[in-house]
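The following note concerns charged side chains and their pairing. Please read it alongside the model shown here.

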Amino acid sequence: MTAVVVTGVGVLSPHGLGRDAHWRSALAGDNGIDEITRFEADGYPGRLAGEVPGFDPAAHVPGRLLPQTDVMTRYSLAAARWALDDAGLDTTALSSLDLGVVTAGSAGGFEFGQRELEKLWGRGRRFVSTYMSFAWFYAVNTGQLAIRHDMRGPVGVFVTDDAGGLDAIAHARRKIRKGSRAVLTGAVDSSLCPYGLAAHLASGRLATGNRPDRAYLPFDRAAGGYVPGEGGALLVLESATDAAGRGAPRYGEIAGYGASFDPAPGTGRPSNLRRAMDTALADAGVRPDEVAMVMADGAGTPDEDAAEARAIEEVFGPRGVPVTAPKARTGRLAAGAAPLDVVTALIALREGQVPPTAPAIDVPDHYALDLVTGAPRPVRGRAALVLARGAGGFNSAMVVRR
């Protein structure tokens, strides 16, 4: 089976712009969660978020695209350019039909949509932007990236909440194995506006504490929900043969993938997360004792944390593998979270250092987790398992290999 490798990455996160800024802050355990500055949030029970700092749209997006794009699309355009440059991939030297784009989205352009709805109700239909027809759409990032870089091969989008980023990368791997030369994949997401925050609150799982250092505590006894964030990562995938042929950099291999779906709430049946994990490991041909670390989903609610901890224990044994959830310091980035975890895992394997979840997490004994906290931990090994779960029962798991 064709080996598929990551040759370039583009990252925006609450830790900063670019791969290196994100990695430095994640490794140091810096906190990217703080009071929302994008809008006035004093009237909301949860007023914290992980915002992408220092992004100037005019510096990264062509002027003609600014009126027609939501913030998440602007982030995606920047991340795509960085990923392609990082890969050293000259798309003009290849047939556009050999190049694809597969992304994930959780809800689309929330901020753009809210602004145009305000115009509709406050000023009338003639004031609504014509770009509303697509700027709000969950598939808009795939479309804009395909147009921007003339990628006319396989395109698609996955809408499976936080699990979507892994689903998109896995689908991109399939397309490489079927003959595409390169696929831009992953996700960058943002819903930090009043409309978006209201949607998060409606889930009933948003943390309402307002201490940035204690708001989002995955696997902690005091876990009380998640904090929203924005950002994510886009990756360039190529076959190992094509990458070697042009001397491209290689972060590692997308080695295995598995997905499952949980039973309906109230049935009393357990989560099927383990099935996704087992499938990913089998797909990669990797034994549990060969996994150096697990990048956990870390939902931050007692029921979901307990289910994830149970699945990890069943696969690896009690405290059998280092586990970390760096998103505790960025917030949950919706569809962008898992691709960012994939990049973080690949760099962690290369550097031999696992970034911590948070400075101090009080893990219940019955979780039986070896959670990395406080400081980075040295690790040895060639493989990592990335987990992602989405609202509605979506489970995805991915093995990456150095």
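1. Arg 287 is partly exposed at a relative accessible area of 49% (partly exposed lies between buried, under 20%, and exposed, over 50%; 1.4 Å probe, protein chains only). Its side chain meets that of Glu 290 in a salt bridge, 3.6 Å from N to O (a side-chain nitrogen of Lys or Arg within 4 Å of a carboxyl oxygen of Asp or Glu). Glu 290 is partly exposed as well, at 34%.

2. This is a predicted model, in which local features need pLDDT of at least 70 and side-chain atom pairs count only at pLDDT 80 or more, while totals for chains, interfaces and linings use all residues. Residues are numbered from 1 along each chain as its sequence is written, and side-chain values use heavy atoms, without hydrogens and water.

3. Asp 297 and Arg 332 form a salt bridge whose closest N and O atoms are 2.9 Å apart. The pair links distant parts of the chain, 35 residues apart: Asp 297 is in the loop between strand E10 (291–295) and helix H11 (302–316), Arg 332 in the loop between strand E11 (322–324) and helix H12 (337–351) (DSSP runs numbered from the N terminus; helices H or I, at least four residues, strands E, at least two). Asp 297 counts as buried at 3% relative accessibility, and Arg 332 as buried at 8%.

4. Arg 350 and Glu 351 are joined through their side chains by a salt bridge of 3.1 Å, N to O. Arg 350 is partly exposed at 47%, and Glu 351 is partly exposed at 44%.

5. Across the whole structure, the search finds 25 salt bridges.
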